[in-house]
Amino acid sequence: MTVSARLRAARGLVTAFAATSAAHLGAIATGATVLQNATKPALMPLLAAHSLASAERAPKLLAPALLASGAGDVLLQLGGDTAFLAGMGSFAAAHVAYVTMFAGQGAFTDRRRTLLVAAGYAAAWAAMISQLWPDLGGLQIPVAAYSLLLASTAVSSAGLGLATGIGGGLFLLSDSLIAVRLAGWKLLPGHDVLVMATYIAAQYLLARGALRAEEARTEPRAIDGADAARLGAPA
């Protein structure tokens with residue numbers, strides 16, 4: 001496939017992802033269950049396909065992270081405790097892939113920043129779990145363990161820049177809203193729309209950040225005029 005054909009495919013796929021996302025959120029808002037169930041399984045495969053098409057060299061773990069998330073989306077639609085735990089396992093695999101990928105892209109290079117961000121998320125995790133714990137019943141341990149992986153993705157994503165870090169934070173927010181529902185707490189107006197809107201935005205920002213980090217890591221930086229002057233080389 002030529003570069004121009006690949007980029008045309010990428011534009012078509014991101015348009016399909018955006019349209020499917022809008023249809024899914026609209027279906028949630030209007031209670032159109034059939035449309036919800038039809039659009040949700042397509043979200044992450046479309047984003048994965050767009051990510052692969054938009055870069056000549058995509059990170060090897062990006063598509064597995066997105067597809068594991070897509071499998072989790074499908075499992076959560078099935079309902080029941082077994083499907084829910086399996087879905088949580090799929091998302092846990094996605095977070096392992098994200099953290100491993102971000103680490104390989106240099107997310108933890110600035111140790112001071114990493115420690116500060118990790119301390120902030122650790123405090124947020126402890127506060128959230130301490131509040132939810134009494135109301136989670138038999139899901140206490142799975143939710144606590146999964147949320148640690150989720151926080152790890154948030155910490156590692158922050159090492160790749162602001163937009164990617166926002167993606168990690170939105171993922172944490174989205175799943176925190178799901179935990180609120182599991183605990184039986186009072187839900188926000190438009191709760192389900194907010195869960196999916198933050199999740200979709202999170203995945204898009206994480207994927208875009210991973211692609212940009214991979215491009216910066218694998219392509220040699222061009223020497224600009226200022227660099228050339230310092231090095232005594234022609235610009």
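Ala 16 has a relative accessibility of 27%, so it counts as partly exposed; buried means under 20% relative accessible area, exposed over 50%, and partly exposed in between, with a 1.4 Å probe and protein chains only. Ala 16 sits in helix 1. Helices here are DSSP runs of H or I with at least four residues, strands are E runs of at least two, and both are numbered from the N terminus. From Ala 16 to Ser 174 there are 158 residues along the chain, and their C-alpha atoms are separated by 22 Å.

A word on what you are looking at: this is a predicted model, in which local features need pLDDT of at least 70 and side-chain atom pairs count only at pLDDT 80 or more, while totals for chains, interfaces and linings use all residues. Residues are numbered from 1 along each chain as its sequence is written, and side-chain values use heavy atoms, with hydrogens and water left out.

Next, the aromatic rings. How many aromatic pairs does a search of the whole structure find? The search gives 5. Rings of Phe, Tyr and Trp (its six-membered ring) pair if their centres lie within 6.5 Å; planes under 30 degrees apart count as stacked, over 60 as edge-to-face, and the rest as tilted. Phe 17 and Tyr 204 are a stacked pair, because their ring centres are 6.5 Å apart and their planes meet at 15°. This pair links distant parts of the chain: Phe 17 is in helix 1 (residues 3-30) and Tyr 204 is in helix 8 (residues 191-218), 187 residues apart. Phe 17 counts as buried, because its relative accessibility is 6%. Tyr 204, at 29%, counts as partly exposed.

Tyr 98 and Phe 102 are also stacked, at 5.6 Å centre to centre and 25° between the planes. Both residues belong to helix 4 (residues 81-104), where they are 4 residues apart, about one turn of the helix. Elsewhere, ring pairs join Phe 91, Phe 171 and Tyr 199 into a cluster.

Back in helix 1, there is Ser 21. Is Ser 21 buried or exposed? Its relative accessibility is 7%, so Ser 21 counts as buried. Its side chain reaches the backbone oxygen of Phe 17 at 2.8 Å. That is a polar contact, meaning a pair of N or O atoms within 3.5 Å; within protein, one must be able to donate a hydrogen and the other to accept it, and residues adjacent in sequence count only if both atoms are side-chain atoms. Apart from neighbours within four places in sequence, Ser 21 is in contact (heavy atoms within 4.5 Å) with Leu 43 and Ile 200.

Thr 198 counts as buried, because its relative accessibility is 8%. A polar atom of its side chain lies 2.7 Å from the backbone oxygen of Leu 194. Leaving out residues up to four places away in sequence, Thr 198 touches Leu 170, Leu 173 and Ser 174.

Now the core. A nonpolar core is a set of buried Ala, Val, Leu, Ile, Met, Phe, Trp, Tyr and Cys residues joined through side-chain atoms within 4.5 Å. Which residues of the largest nonpolar core touch the most other members? They are Leu 62, Leu 66, Tyr 98 and Phe 171, out of 44 residues. At least two residues of this core come from each of helix 1, helix 2 (33-54), helix 3 (62-78), helix 4, helix 5 (111-132), helix 6 (140-158), helix 7 (162-182) and helix 8. Leu 62, not counting residues up to four places away in sequence, touches Ser 51, Tyr 98, Met 101, Ala 207, Ala 210 and Leu 211.

Helix 7 is also where Gly 169 is found. At 22% relative accessibility, Gly 169 counts as partly exposed. Beyond its neighbours within four places in sequence, Gly 169 is in contact with Tyr 121 and Ala 154.

On a 1 Å grid over the protein atoms alone, a cavity is a set of points where a 1.4 Å probe fits but cannot get out, and lining residues have an atom within 4 Å of a point. The whole structure has 1 cavity of 30 Å³ or more. Grid points are joined across faces, edges and corners, and a volume is the space filled by probe spheres set on the points. The largest cavity is lined by Ala 107, Arg 113, Thr 114, Val 117, Val 155, Ala 158 and Gly 159. Helix 5 and helix 6 are the elements that give two or more residues to this lining.

Key
1 Å grid on protein atoms, 1.4 Å probe; cavity = no way out; pocket = protein on both sides within 12 Å on 5 of 7 lines; lining within 4 Å.
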